[in-house]
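This report is meant to be read beside the sequence and the 3D structure. Please look at both before going on, and return to them as each section names its residues.

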2 protein chains.
Amino acid sequence: MIIAIGFYPGFTALDAIGPYEVLTYLPYYVPGAQVVLCAELTGIIDDQYHLVHLGIDTTFADVPRPDVVLVPGSPIAGRYAAEGHAIVDWIRDAHPYTTWTTSVCTGALLLGAAGLLKGLPATTHWDAYDELASYGAQPTEQRVVTAGRIVTGAGVSAGIDLALTLAGKIAGPDVAQAIQLSIEYDPHPPFDSGAPSKAPQPIYELASAALDGK
Amino acid sequence: MIIAIGFYPGFTALDAIGPYEVLTYLPYYVPGAQVVLCAELTGIIDDQYHLVHLGIDTTFADVPRPDVVLVPGSPIAGRYAAEGHAIVDWIRDAHPYTTWTTSVCTGALLLGAAGLLKGLPATTHWDAYDELASYGAQPTEQRVVTAGRIVTGAGVSAGIDLALTLAGKIAGPDVAQAIQLSIEYDPHPPFDSGAPSKAPQPIYELASAALDGK
């Protein structure tokens, strides 16, 4: 079982690394499971801040038929979705053969651009619901949305919840719970403003200003 | 303000990238704040699975006096702590000048090896409490522990809670809440086994077996 995380320049690091940390436990429990980090080209690609320099040694062409596809988001994902990008082509070509095709945050826009979300419920970062709808999806505010074999997660940190959900589907709830314990995922946020419905208006505006700057 | 995340070969990716995703918002709100990824040497270092290849262009020697130090954990951190490692020297030399010295998961063992935790309450991954105590710390099961200007977080995913706590201390609760909203950190784990006290015994054993294999 090949679990391929698809990267592109400007990716949001936690979108990918949250699920990565969960999914890299699967080979302990599922014989033959293998996590692969891939991108259009080999070499170094940077995250959105140009601070994380990630070395890629596997291309999309090397893994045309992964069993699981996971696509992280990014402030630039919307542009790649609108203008076309190698990762969109990879998603489109791989999807007919996957067991699970998944995204975190605005990675859903890339699934949308690949034509996968038409008429389906899906989620993304709260700041991108309208953009997601433009690809024919029905945006929902759930943390993790399963529609057939497509699973989408909300913004950035939701990738951990998505990957545990996915681990449960792949290896069963016992393994998923063991992974949750291994990464000590017993979240205690010091505040409770992680969703637009929970954040006071001034906090929402403070966050939106930072996001607009990206 | 320099916020330095210290890396070493074999690091656990989420330990570092969880806090990274939170702390990289600080420059939007705190003029002069800057996040730096550093290690003993420049070049590529791998995470514990040799799947994440991280390009480092800043050495410990380049940032001897960061305002904030953050040290991720790893299955190999215990060995580096016991045998000595450049990151332990960096922590020891930097700490007298920091505003906050912090760790995630078994990164606390490296703080311990640097002599920082003697007589202090601190936390680490649940699997490493005894090892932490061997450095004179008082292990606690809290998610995030503040002792003076040392802040330690529990295992792996706790780095997000730690970094939001830290963001609150540095930039105030409004900014921390705005960051929480930006990364949509409204966790909904699909299971509730993220701490030893919550996981049934068979799940605990399943997790321990995987951790022992690391």
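## Two helices of chain B

In chain B, the residues Leu164(B), Ala167(B), Gly168(B) and Ala171(B) of α7(B) meet Pro173(B), Val175(B), Ala176(B), Ile179(B) and Gln180(B) of α8(B), where contact means heavy atoms within 4.5 Å. Sorted by class, this contact of α7(B) with α8(B) has seven nonpolar, two polar and no charged residues; Ala, Val, Leu, Ile, Met, Phe, Trp, Tyr, Cys and Pro count as nonpolar, Asp, Glu, Lys and Arg as charged, and the others, Gly among them, as polar.

Helix α7 of chain B covers residues 158-171 and helix α8 of chain B covers residues 173-182, and their axes come within 7 Å and cross at roughly 145°. Helices here are DSSP runs (H or I, at least four residues), as strands are (E, at least two), numbered from the N terminus, while axes are lines fitted to C-alpha atoms, for helices over the stretch in contact, with angles from 0 to 180 degrees between N-to-C directions.

## How the model is described

This is a predicted model, in which local features need pLDDT of at least 70 and side-chain atom pairs count only at pLDDT 80 or more, whereas totals for chains, interfaces and linings use all residues. Residues are numbered from 1 along each chain as its sequence is written, chains are lettered from A and ligands numbered from 1 in the order in which they are written, and side-chain values use heavy atoms, with hydrogens and water left out.

## Where chain A touches chain B

The contact between the chains takes 69 residues from chain A and 69 residues from chain B. The area buried between chain A and chain B is about 6000 Å², and carbon and sulfur atoms give 63% of it; buried area is the accessible area (1.4 Å probe) that two parts lose on being put together, summed over both. In chain A, Leu181(A), Glu184(A) and Phe191(A) lose the most area to chain B, together 13% of what that side buries.

## Polar and charged pairs

Between chain A and chain B the count is two salt bridges, each being a side-chain nitrogen of Lys or Arg within 4 Å of a carboxyl oxygen of Asp or Glu. Asp186(B) forms a salt bridge with Lys198(A), and their closest N and O atoms are 2.6 Å apart.

On the side of chain A that touches chain B, α8(A) gives the most, with nine residues. By class, that side of chain A has 40 nonpolar, 18 polar and 11 charged residues.
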